[in-house]
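Subject: The structure for you to look at

Hello,

Here is the structure I promised to pass on to you. Please open it next to this email, and my notes will follow below.

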Amino acid sequence: MVTFQLERTAPLSLDEAWRRLTAWPRHGDVVPLTRVTVITPGPTREGTVFVARSGVRPLVFDDRMEVTVWRPPTTDAGGDGPGLCRLEKRGRIVLGWAEIEVRPGPGGRARVVWREELRVRFLPSLFDPLLRVSARTLFGRAANHLLRRP
């Protein structure tokens with residue numbers, strides 16, 4: 001099992017950063033060889049389930065996730081309360097959780113903190129350092145792309 005944290009600051013409002021990071025199908029646009037399908041009807045809320053299918057046949061796996069915390073940022077009436085989304089990974093291969101937090105940053109920017117605990121079933125802990133580096137790189141690039149594209 002590996003844990004990691006990424007932090008990004010983007011020249012976006014809290015609402016816009018939140019929208020870009022929690023539009024689940026967009027994640028499939030920025031993660032190589034991945035397609036994301038939302039299973040439950042929208043809008044996103046606690047209980048929303050989606051699946052990220054990654055790979056090339058015959059080596060394909062599903063990363064099934066459920067939203068267990070859904071607190072969008074509070075920006076109405078001048079508020080600047082942070083937003084928090086927690087995902088539980090409940091696939092057959094990929095397990096763990098992820099949290100995406102969007103809060104006020106310097107100069108009116110949005111500060112994003114992405115925390116994740118990741119376990120790949122059947123992968124020995126000997127590979128944890130490689131998994132940590134790979135996951136940080138993959139999710140870091142995904143966060144960068146998601147925040148840059150409207």
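Beyond its neighbours within four places in sequence, His27 is in contact with Leu21, Val36, Trp114 and Leu146. His27 lies in helix H2, and it counts as buried because its relative accessibility is 13%, under the 20% cut-off. Please keep in mind that this is a predicted model.

**The sheet**

Seven strands make up an open sheet, in the order E1-E7-E6-E5-E4-E3-E2, and the pairing is antiparallel. Which strands are at the edges? They are strand E1 (2-10) and strand E2 (34-38), each of which pairs on one side only. From one strand to the next, the twist averages 20 degrees.

Seven of its eight residues are buried, so E5 is largely enclosed by the rest of the structure. On one side, E5 runs antiparallel to strand E4 (residues 59-71), and six bridges join the two. E5 and E6 form a hairpin, with three residues between them.

**The helices against the sheet**

Helix H1 (residues 14-22) lies across E4, E5, strand E6 (94-104) and strand E7 (110-120), and runs at about 165 degrees to E6. Which residues of H1 are buried? They are Leu14, Ala17, Trp18, Arg20, Leu21 and Thr22. These buried residues pack against H2, E4, E5, E6, E7 and H3. Arg19 is also in H1, but it is partly exposed, with a relative accessible area of 37%. The C-alpha atom of Arg19 is separated by 9.3 Å from that of Pro150, although the two residues are 131 residues apart along the chain.

Helix H3 (residues 128-148) lies across E1 and E7, and its direction is at about 25 degrees to E1. Ala143 lies in H3 and is buried, with a relative accessible area of 1%.

**The largest pocket**

The largest pocket holds about 560 Å³ of space. It is lined by 30 residues, and those nearest its centre are Val31, Ser54, Asp63, Leu138 and Phe139. By class, 22 of the lining residues are nonpolar, five are polar and three are charged. Which element gives the largest share of the lining? That is H3, with six residues. At least two residues each come from helix H2 (24-30), E2, strand E3 (49-56), E4, E5, E6, E7 and H3.

**Backbone details in the loops**

Most residues other than glycine have a negative phi, and most peptide bonds are trans.

- Gly42 and Pro43 are joined by a cis peptide bond, with omega about 0 degrees. Pro43 lies in the loop between E2 and E3.
- Arg57 and Pro58 are also joined by a cis peptide bond, with omega about 10 degrees. Pro58 is in the loop between E3 and E4.
- Leu33 is not a glycine, yet it has a positive phi of about 55 degrees. Leu33 is found in the loop between H2 and E2, and it is exposed, with a relative accessible area of 60%.
- Phe122 also has a positive phi, near 75 degrees, without being a glycine. Phe122 sits in the loop between E7 and H3 and is exposed, with a relative accessible area of 72%.

Happy to go through any of this with you.

Best wishes

How values were computed: Residues numbered from 1 in each chain as written. Predicted model: local features only at pLDDT ≥ 70, side-chain atom pairs only at ≥ 80, totals over all residues. Heavy atoms only, no water. Pairing = 2+ DSSP bridges. Helix = DSSP H or I, 4+ residues; strand = E, 2+ residues; numbered from the N terminus. Axes fitted to C-alpha atoms, helices over the stretch in contact; angles between N-to-C directions. Contact = heavy atoms within 4.5 Å. 1 Å grid on protein atoms, 1.4 Å probe; cavity = no way out; pocket = protein on both sides within 12 Å on 5 of 7 lines; lining within 4 Å. Points joined across faces, edges and corners; volume = space filled by probe spheres on them. Nonpolar A, V, L, I, M, F, W, Y, C, P; charged D, E, K, R; others polar. Buried < 20%, exposed > 50% of the residue type's maximum accessible area, 1.4 Å probe, protein only.
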